[in-house]
Amino acid sequence: QVQVAESGGGSVRAGGSMRLSCTASGSMFDSDVMAWYRQAPGKQRELVATIPSLGSIVYADSVKGRFTISRDNAKNTVYLQMNSLKPEDTAVYLCTTVIRFKHYWGQGTQVTVSS
């Protein structure tokens, strides 16, 4: 059974930085795609960034230039470095990994950015 777990969330002042981590375990196969989504109360879940094994990294326009996604394949871990955080970035951040065309999701980690 594939397990996905995020960590690194918390509270930060506007303009600050935070790094999220997500590790997928329990699979005999490598992750084809790893990605970060976020969902704020009353809003639709949105893609923040995705990093495939093949192809280009994609960022949401709202975070481009501020966030950086990376992955450590040996650890099956994806990171999200968030800089210049804004209150609008406040949300539950969820990690997902795609393994053989199936999506696996973590429980999410809360990120709160205060003014």
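Visitor: Which residue forms a salt bridge with Arg38?

Guide: This is a predicted model. Side chains of opposite charge can pair when their charged atoms come close. Here the closest N and O atoms are 2.7 Å apart, which is within the 4 Å cut-off for a salt bridge. The partner of Arg38 is Glu46.

Visitor: Where do Arg66 and Asp89 lie?

Guide: Arg66 forms a salt bridge with Asp89, with 2.8 Å between the closest N and O atoms. The pair ties together parts that are 23 residues apart in sequence. Arg66 is in the loop between strand 6 (58-59) and strand 7 (67-72), and Asp89 is in the loop between strand 8 (77-82) and strand 9 (91-99).

Visitor: What is the relative accessibility of Asp89?

Guide: Arg66 counts as buried at 10% relative accessibility. Asp89 also counts as buried, and its relative accessibility is 2%.

Visitor: Are Asp61 and Lys64 buried or exposed?

Guide: Asp61 forms a salt bridge with Lys64, and their closest N and O atoms are 3.8 Å apart. For both Asp61 and Lys64, the term that applies is exposed.

Visitor: Which residues are linked in a network of salt bridges?

Guide: The count comes to four salt bridges. Among them are the pair Arg38 and Glu46 and the pair Arg66 and Asp89. The residues linked in a network are Arg38, Glu46, Arg66 and Asp89.

Notes. Residues numbered from 1 in each chain as written. Predicted model: local features only at pLDDT ≥ 70, side-chain atom pairs only at ≥ 80, totals over all residues. Heavy atoms only, no water. Salt bridge = Lys/Arg side-chain N within 4 Å of Asp/Glu carboxyl O. Buried < 20%, exposed > 50% of the residue type's maximum accessible area, 1.4 Å probe, protein only. Helix = DSSP H or I, 4+ residues; strand = E, 2+ residues; numbered from the N terminus.
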